[in-house]
Amino acid sequence: ISCGGQCRPDPAGARARLAPAEPPAVPAVCTGTDMKLLRPSSPESHYETLRHLYQGCQVVQGNLELTYLAPGADTAFLKDIKEVQGYVLIAENQVSDVGLQ
């Protein structure tokens with residue numbers, strides 16, 4: 001580009017004015033289970049395992065099996081799940097509400 005000596009450099013740079021493109025949001029993916037109706041040896045550790053697996057998860061690759069949850073179990077850790085790529089099994093629970101939407 002010729003500007004006949006009248007060009008001034010852009011201190012911020014022309015590209016600095018362009019907003020960077022936001023990367024597409026990548027859903028949080030987790031692995032499902034395949035326990036079917038197998039009774040857990042410890043209900044407490046079973047609950048903690050489910051909470052650990054599904055906390056913040058949006059896409060379950062495999063099955064979502066919610067079984068043998070005790071009364072009053074907090075299932076809020078399931079609130080982010082949007083997609084299950086296998087089956088959903090909700091059985092043998094004593095909890096009154098499962099936090100799926």
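The backbone nitrogen of Asp34 lies 3.4 Å from a polar atom of the Glu65 side chain. The side chain of Glu65 also makes a polar contact with the side chain of Thr33, at 2.8 Å. A polar contact is a pair of N or O atoms within 3.5 Å; within protein, one must be able to donate a hydrogen and the other to accept it, and residues adjacent in sequence count only if both atoms are side-chain atoms.

The model is predicted: local features need pLDDT of at least 70 and side-chain atom pairs count only at pLDDT 80 or more, while totals for chains, interfaces and linings use all residues. Residues are numbered from 1 along each chain as its sequence is written, and side-chain values use heavy atoms, with hydrogens and water left out.

Glu65 belongs to strand S3 (residues 64–67); strands (E, at least two residues) and helices (H or I, at least four) are DSSP runs numbered from the N terminus. Glu65 is buried yet has no salt bridge, and the nearest side chain of opposite charge, Lys36, is 5.2 Å away. A salt bridge requires a side-chain nitrogen of Lys or Arg within 4 Å of a carboxyl oxygen of Asp or Glu. For charge, Lys and Arg count as positive and Asp and Glu as negative, whereas His and the chain ends are not counted.

Lys36 is located in the loop between S1 and H1. Its phi is near 55°, a positive value in a residue other than glycine. Glu92, in the segment after S5, likewise is not a glycine and has a positive phi of about 60°.

Leu38 lies in the loop between strand S1 (29–31) and helix H1 (43–54). Leu38 and Thr67 are 29 residues apart in sequence, with their C-alpha atoms 8.8 Å apart in space. Ile90 is found in strand S5 (residues 88–91).

Exposure is classed by relative accessible area: buried is under 20%, exposed over 50% and partly exposed in between (1.4 Å probe, protein chains only).

| Residue | Relative accessible area | Class |
|---|---|---|
| Lys36 | 45% | partly exposed |
| Leu38 | 53% | exposed |
| Ile90 | 46% | partly exposed |

Turning to the sheet, three strands form an open sheet in the order S1-S2-S4, with parallel pairing. S1 and strand S4 (83–84) are the edge strands, each pairing on one side only. Strand S2 (residues 59–61) is joined to S4 by two bridges; two strands pair if DSSP finds at least two bridges between them. Val60 stands opposite Val84 in S4.
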